[in-house]
Amino acid sequence: MKRIVLALGGNALGDNLHEQMIAVKSAAKAIADLIEDGFDVIITHGNGPQVGMINLAMETAAKFDEHLFYIPMSVCVALSQGYIGYDIQNALREELLDRGVDKPVATIITQTLVDENDPAFADPSKPIGAYYPEDEAAEMIQRGYDMKEDAGRGWRRVVASPKPIGIVESKTVLALLEAGQIPVAVGGGGIPVKKTEGRHLKGTSAVVDKDFASAKLAEELNADMLVILTAVEKVAVNFGKPDQQWLSEMSAEDAERYIAEGHFAPGSMLPKVEAALEFVKSGPDRKALITMLSKARDGLAGKTGTVIH
């Protein structure tokens, strides 16, 4: 039986609660297919739109009630893990039960260890939440937030996006997996934490890319394959150009060359290919698949998608 980490994108879960519930029901069917095919599945997911929504709600509430306060980004990520995980585990459990499969699904509120010396902390660049006029942005800067002007549309809060160096609850995820359960973990890349004194951990104002966190989790679980789901069936070079070429496979060397040549867009396909590459290079016989959710079953059967090896 193959062990796979299946990374769902946050944008694929919709922009509001109603859209998310519809999206996870559709996703549950595709995931249940893989479980019926005999795969041990660990589910991870993004939270881009959702964590922004939580941050905006908390900021808005704090403006109108002096007893409320701005909550740390680490707490926003934790909140997103909880409610997205709830929808996923509920929808998948129901889908499995409808198919006669009694297999528990559980969400793990997961912490992701980052290096306090990661260069990302010196230049926060990940925009989060609402746009603000300059005067309000100045007030937020006085409260300790990093703010940047965004293409003439106003000022936005920015946070660092450091690379993950470890998944704190990976042994918990493994225990659930070995007990025959389906874990949902590292939601939104996990809650970013730094080491303090000894083995103590403290949340930090950052967000971790969910594909890199998924790759790190897959490495620590000794997974056979990392499956990164996106909006296209395959990865392409020369995307959108007359000589566009869809790729069925890439060696690690090919992937590194294509990255160096600038074939993949930052903030889009680039981090997916980079994360896949990190997992492939983390151990022998490890592969990654990049495809869309509706094609995941065919991709794992070798019929489509882009395999990196």
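Where is the place of Arg-157? Arg-157 lies in strand β7, strands being DSSP runs of E with at least two residues and helices runs of H or I with at least four, both numbered from the N terminus. The model is a predicted one, in which local features need pLDDT of at least 70 and side-chain atom pairs count only at pLDDT 80 or more, while totals for chains, interfaces and linings use all residues. Residues are numbered from 1 along each chain as its sequence is written, and side-chain values use heavy atoms, with hydrogens and water left out.

With a relative accessibility of 4%, Arg-157 counts as buried; the term buried stands for under 20% relative accessible area, exposed for over 50%, and partly exposed for values in between (1.4 Å probe, protein chains only). The side chain of Arg-157 is joined to that of Ser-205 by a polar contact of 3.4 Å. A polar contact is a pair of N or O atoms within 3.5 Å; within protein, one atom must be able to donate a hydrogen and the other to accept it, and residues adjacent in sequence count only if both atoms are side-chain atoms. Neighbours within four places in sequence aside, the residues in contact with Arg-157 include Asn-55, Glu-59, Ile-71, Met-73, Lys-126 and Tyr-145, where contact means heavy atoms within 4.5 Å.

The length of α2 agrees with expectation, because its 17 residues (48–64) should span 24 Å at 1.5 Å a residue and its end C-alpha atoms are 25 Å apart. The expected span is 1.5 Å times one less than the number of residues in the helix.

Helix α3 covers residues 73–98 and holds Val-75, which is partly exposed at 36% relative accessibility. The C-alpha atoms of Tyr-86 and Asp-285 are separated by 33 Å, the two residues being 199 apart along the chain.

Charged pairs come next. A salt bridge is a side-chain nitrogen of Lys or Arg within 4 Å of a carboxyl oxygen of Asp or Glu, and by this rule there are 17 salt bridges. One of them joins Lys-148 to Asp-123, with the closest N and O atoms 3.1 Å apart. This pair links distant parts of the chain, since Lys-148 is in strand β6 (residues 147–149) and Asp-123 is in the loop between β4 (111–114) and β5, 25 residues apart. Lys-148 is partly exposed at 34%, and Asp-123 is partly exposed at 47%. In another pair, Lys-210 and Asp-211 have their closest N and O atoms 2.6 Å apart; Lys-210 is buried at 9% relative accessibility, as is Asp-211 at 3%. A network of salt bridges links Lys-29, Asp-33, Glu-36, Asp-37, Glu-95, Arg-99 and Arg-297.

Thr-304, in the loop between α9 (296–300) and β17 (306–308), is buried with a relative accessible area of 8%. The side chain of Thr-304 makes a polar contact of 2.4 Å with the side chain of Glu-233. Residues up to four places away in sequence not counted, Thr-304 touches Lys-234, Leu-289 and Thr-291, among others. Most residues other than glycine have a negative phi. Asn-222, however, has a positive phi of about 55° and sits in the loop between α6 (210–220) and β12 (225–229). Asn-238 likewise has a positive phi of about 55°, and is found in the loop between β13 (235–237) and β14 (245–247).
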